[in-house]
Amino acid sequence: VAWTFYVNWKSRNLPKGPIKLPIIGNLHQVFGKNCVGVLHKLFTEYQKTYGKVFSFQLGSYPAVVLNDAKLIKEAWNNPMVTGRPHFILASERCRDGVNRGIVFQDGNEWTEQRRFALRHLRDFGFGKNSMESLVMDEVIEFLGELKADSGKAISTRNRFNLAVINALWTITAGQRFKHDDPQLVTIMEAITRSVGESGSCGIVFFMPWILKIWPTYPPWLRFKADLPHSYNFMQAFTGKSLANFDGSEINNFTDAYIDEIKKTTDPKSSFYGKRGGTVVNS
């Protein structure tokens, strides 16, 4: 009782919210259930009690819930609330314990990377009519595969993902794979498994200190085992691209990115030197 009182006293400067339990916070209300459906119903009920803004404890991470479309829009336009939590699954993905890339990063590095990505992805057709031909190439091959398997029971688990990733990879790297390419299939299966395992790692996601007690937690080990497939592929590709780049032609997003690394002289930039080479892998 004293510990519960202390945990809730510590969050006294946050908006009011449901009682938080020691260690798990409010995870017991959603863990192991259909989180999207449960949270929607739960937050709708809490809104009646605590208003449009309330606090909610996700294991080790305190959260403030905005339960109103107008407030959410206002918050998203405020740079003070664009930070991302440094979850262990994100930092493990980047291998050096630092959140990188557009999805997991925040602050000045996120702003610089996002601005660059939006500008140059458009140059190579992303979001434009010219991308239609890339998509149609994947559609044609996808339909051909379905026709070849006509009359048989098939799984579409990875087939749609392969087509989507191939279209994006064409813009990113200027090359495409056949859908049955062994390397592409291996990477796609590893990504699918790691996403599934990240769900099983939910308890570690919100309470990373558990790994200090149980470092061999099976879902965590399986999640880590699948990461090298895509990471090693990207590292080999970007390493080769960096070594062969001469600046004479910018044919894809990777060329544009490497060109930016070569031109950057500001040590504070996320494109500068070795740091830029690390970010491009993310």
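## Basis of the model

Residues are numbered from 1 along each chain as its sequence is written, and side-chain values use heavy atoms, with hydrogens and water left out. Because the model is predicted, local features need pLDDT of at least 70 and side-chain atom pairs count only at pLDDT 80 or more, while totals for chains, interfaces and linings use all residues.

## The nonpolar surface patch

Trp3, Phe5, Tyr6, Trp9, Ile23, Trp209, Ile213 and Trp214 make a nonpolar surface patch of about 950 Å². Patches are made of residues with over 30% relative accessible area and no salt bridge; like charges are joined within 9 Å, and nonpolar side chains (Val, Leu, Ile, Met, Phe, Trp, Tyr) within 5 Å. The accessible areas come from the Shrake-Rupley method with a 1.4 Å probe, and for residues only the protein chains shown count as cover. Helix H1 (residues 2-10) gives the most to the patch, with four residues. Helices (H or I, at least four residues) and strands (E, at least two) are DSSP runs, numbered from the N terminus.

Ile23, another member of the patch, lies in the loop between H1 and helix H2 (35-50). Its relative accessibility is 42%, so Ile23 counts as partly exposed. The phi angle of Ile23 is near 70°, a positive value in a residue other than glycine.

Strand E1 (residues 53-58) pairs with strand E2 (residues 61-66) in the antiparallel sense, over six bridges. Two strands pair if DSSP finds at least two bridges between them. Gln57 stands opposite Pro62 in E2. The hairpin has two residues between the strands, and Gly59 takes a positive phi near 65° there.

## Nonpolar cores

In soluble globular proteins, nonpolar side chains tend to be buried together. A nonpolar core is a set of buried Ala, Val, Leu, Ile, Met, Phe, Trp, Tyr and Cys residues joined through side-chain atoms within 4.5 Å. The largest core has 13 residues, of which Leu42, Phe43, Tyr46 and Phe56 touch the most other members. H2, E1 and E2 are the elements that give two or more residues to this core. H2 has the largest share of this core, three residues.

Phe43 is in contact (heavy atoms within 4.5 Å) with Phe54, Phe56, Val65 and Asn67, leaving aside its neighbours within four places in sequence.

## Salt bridges

Side chains of opposite charge can pair when their charged atoms come close. A salt bridge is a side-chain nitrogen of Lys or Arg within 4 Å of a carboxyl oxygen of Asp or Glu, and the structure holds nine salt bridges. One of them joins the side chains of Lys224 and Glu92 (3.9 Å, N to O). This pair links distant parts of the chain, 132 residues apart: Lys224 is in helix H12 (residues 218-244) and Glu92 in helix H4 (residues 88-93). Lys224 is partly exposed at 35%, and Glu92 is partly exposed at 26%.

Arg176 and Glu141 also meet in a salt bridge (2.8 Å, N to O). Arg176 lies in the loop between helix H8 (159-173) and helix H9 (182-200) and Glu141 in helix H7 (residues 132-148), so the pair ties together parts that are 35 residues apart in sequence. Arg176 is partly exposed at 33%, whereas Glu141 is buried at 14%. Glu138, Glu141, Arg176 and Lys178 are linked in a network of salt bridges. A further salt bridge joins Asp149 and Lys152 (3.2 Å, N to O); Asp149 is buried at 17%, and Lys152 is exposed at 54%.

Ala75 is found in helix H3 (residues 69-76) and counts as buried because its relative accessibility is 15%. Beyond its neighbours within four places in sequence, Ala75 is in contact with Leu66 and Val81.

Arg84 lies in the loop between H3 and H4 and is partly exposed at 31%. Leaving aside neighbours within four places in sequence, Arg84 is in contact with Ile102, Val103, Phe104, Gln105, Asp106 and Trp110. Arg84 and Val103 are 19 residues apart along the chain, and their C-alpha atoms are separated by 8.8 Å.

Key
Buried < 20%, exposed > 50% of the residue type's maximum accessible area, 1.4 Å probe, protein only.
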